[in-house]
Amino acid sequence: MSAPLAETLTQLRIGNQKFLVDFYQRSRHLFARWAQRQHRLNAAQAHTLLQDTLLDFYDQVADGRLTILPVDLRDYIYGMAQQRLAAQVPANVPLPAAEASRRQRLLAQFNQLGNDCQQVLTYFYFRGYNFEKMGGKMGFPNATVARRQKTTCLRKLYELLR
Amino acid sequence: MDLRPYFDELERFADGQMAPAEQDAFELRLEQDEALADAHAAFEQFTADLRWAAGHDTLRLRLQALDDRMNERGSALARAEQLSQRRQRLSTLLGALGVVLLLAAGAVAWYLLRPSAARPAHNWEAYYQPDPGPAVTTGLLHSRPLLSEALDQYQSGHYPAALHSLGRVSPTNVGADTLTYLRGLMLLRQGQGNAAQLYLRRVADDGDAGELARRARYHLGMAYWQAKELAPALATLRDVATDSLNPYRASARRAVAAGVLD
C-alpha cells in the first residue's frame, strides 16, 4: 500500500484491481487461520469467504458507497466477512445493496454470453481499450471488425436482459 | 424502456463514432426530444452497469485464478515435503539395516572364529600337555649346574639357549637317555618337530617298558603331528592312549577322540 489511500480508491474505480489481488495474496493464509479459529471454517471455505468479501468491497467502491479508504483495511475486511457470516449470505452471492438487483441480473446475463463476447465487452467497457487495440488482442483483422463484434455482443446482452 | 429503436445511434454517439456535424445534430435532438433523452439516460445506465459487471467478473476470475495458483503451489510444497520426509525415513531405515547387517556379520564372524567344544581344534598345541622336566632344586644346582641352567632356560621358554646349555652337559653325569629325551623336548617346543622325532624315537624305542620311554612316545606323537605327519602321529598317540601306565594317556585319548588326526 505504497500509493496514497485516496489514489487507491480512484485506481479501483477505474479498474486497477491489483490492490485487492495483492491483499488477497498477502492475507489468504492469516485470514484462513482466523476463520478457522473464530468460525470453524475449513481452508477452502475461508478462501471463498475472503474472495466474496473482497468482491463486496469492490462493489462498494464501484458504487460510490465507499468514498474513504478505511484506516485499518484489514479490520474493515474482517468485519465485512463477519457480517456476511452473520447474515448467512451464501457463497458467491454479494451482500444486499442498493441497485444490487438490477446489476446482479445484468451480471448473471453477462455470464450467459460466450467467452468471446464477455472478453470483447470487458476490453471495451472495463479496460477502456479502443477498437484497434481490442482487435489486436482478440485477433480480429481490423478495428471495424472489432467495432461490429462489440455492437453484436452489446445487443445480445440487451436482448438477454429484456 | 425499449432501447432497440435508438440503440444504433446511442451506441455510435457514446463510442464517439459520429462525424462532428452528425454529433452536433444528435446533441441538439437530445435537448429537444424527451423520448430520446430518456433512452440516452437508460443506455448510459446500461453501459455503467455493464462496466461494473465486467469489473466485478474480472476481479472474481482473477481472485479464483490466484487461489488456484496458491493451492497448486501449496500442494506442490506439501508433496515436496512429503517426498523429503519419505527419503529421510528411507535413509534412516537403510542406515539401521546397515547397522543390523554389520552386527550380524560381526556375530557370524565371532561364531565362526570362536574356540568351541563343538568344533574341535586342529592344532597339536591345543591337545599338547608339556613336560616341564625335573624341578631345579638347590641340590641339583650344586650337583649338576649345567643341567640346572639348561632346565631353567627351558622352563623359562628360552629353547635355543637351553639347547646350547644342554650340549655342554656330559652324558656321564646325567644319563644319555635323559639328555636325548630333554633335547627332543626342547626341539619340539622350539617348533622343530622333524628334528625332535630323531631324539624322541631313540628314547621311545630304547627303553620299551621304562617310564621315560612312555613319556617319549607321547611327545614323539606330538612331534609327528607338529611336522604334519598325521598317520604316524595318530598311530603313536593311539598306543599311548591304550597304555594304562603312560602318564599322558588322558591327553592322548583326548587327541584321538577328537578325530582331527583321521
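I began with helix H8 of chain B, which passes H10(B) in a left-handed crossing (the near helix is turned anticlockwise from the far one by less than a right angle; clockwise would be right-handed). The model is predicted: local features need pLDDT of at least 70, side-chain atom pairs count only at pLDDT 80 or more, and totals for chains, interfaces and linings use all residues. Residues are numbered from 1 along each chain as its sequence is written, with chains lettered from A and ligands numbered from 1 in the order in which they are written.

**H8(B) against H10(B)**

I looked up the geometry next. H8(B) covers residues 176-190 and H10(B) residues 211-226; their axes come within 10 Å and cross at roughly 25°. Axes here are lines fitted to C-alpha atoms, for helices over the stretch in contact, with angles from 0 to 180 degrees between N-to-C directions. H8(B) is therefore roughly parallel to H10(B) (under 35 degrees; over 145 is roughly antiparallel, 65 to 115 roughly perpendicular, the rest oblique).

I then listed the residues in contact (C-beta atoms, placed from the backbone, within 7 Å). H8(B) brings Asp177(B), Thr178(B), Tyr181(B), Gly184(B), Leu185(B) and Leu188(B). From H10(B) come Leu212(B), Ala216(B), His219(B), Met222(B), Ala223(B) and Gln226(B). I sorted them by class: 7 nonpolar, 4 polar and 1 charged. Nonpolar means Ala, Val, Leu, Ile, Met, Phe, Trp, Tyr, Cys and Pro; charged means Asp, Glu, Lys and Arg; the others, Gly among them, are polar.

**H8(B) against H9(B)**

I stayed with H8(B) and turned to H9(B), residues 193-206. The two axes lie 8 Å apart, at an angle of about 150°. That value makes H8(B) roughly antiparallel to H9(B). I noted a left-handed crossing for H8(B) over H9(B) too.

On the H8(B) side I found Asp177(B), Thr180(B), Tyr181(B), Arg183(B), Gly184(B), Leu187(B) and Leu188(B). They meet Gly193(B), Ala195(B), Ala196(B), Tyr199(B), Leu200(B), Arg202(B), Val203(B) and Asp206(B) of H9(B). The class count is 8 nonpolar, 3 polar and 4 charged.

**Chain totals**

I counted 12 helices and 0 strands in chain B (DSSP runs numbered from the N terminus: H or I, at least four residues, for helices; E, at least two, for strands). In chain B, 25% of the 262 residues are buried (20 or more other C-beta atoms within 10 Å of the residue's own; exposed is 12 or fewer, partly exposed in between, with C-beta atoms placed from the backbone). Of the chain B contacts between residues at least 6 apart in sequence, 44% join residues at least 24 apart.

Chain A has 8 helices and 0 strands. I read 28% of its 162 residues as buried. Among its contacts with a separation of 6 or more, 55% link residues 24 or more positions apart.

Which elements of chain A face chain B? I first took the totals: 29 residues of chain A contact 23 residues of chain B. The elements giving two or more residues to the chain A side are H2 (18-39), H3 (43-63), H5 (100-110), H6 (115-126) and H8 (143-161). H3(A) gives the most, with 7 residues. I get 16 nonpolar, 8 polar and 5 charged residues for the chain A side.

**H6(A)**

H6(A) has 12 residues. I read 15 Å from its first C-alpha to its last, close to the 16 Å expected (1.5 Å times one less than the number of residues). Buried in H6(A) are Gln118(A), Val120(A), Leu121(A), Thr122(A), Tyr123(A), Phe124(A), Tyr125(A) and Phe126(A). Gly128(A) follows the helix, with a positive phi near 75°.

**Loops and positive phi**

Most residues other than glycine have a negative phi. Arg40(A) has phi near 55° and sits in the loop between H2 and H3 of chain A. Lys228(B) has a positive phi of about 65°. Its loop joins H10 and H11 (230-242) of chain B. Lys228(B) is exposed, with 10 other C-beta atoms within 10 Å.

Is Leu66(A) buried or partly exposed? I found 16 other C-beta atoms within 10 Å, so Leu66(A) is partly exposed. Leu66(A) is in the loop between H3 and H4 (73-86) of chain A. Leaving out residues up to four places away in sequence, Leu66(A) touches Gln60(A) and Val61(A). I also noted 8.7 Å between the C-alpha atoms of Leu66(A) and Leu9(A), 57 residues apart along the chain.

Technical notes:
Two residues are in contact if their C-beta atoms, placed from the backbone, lie within 7 Å.
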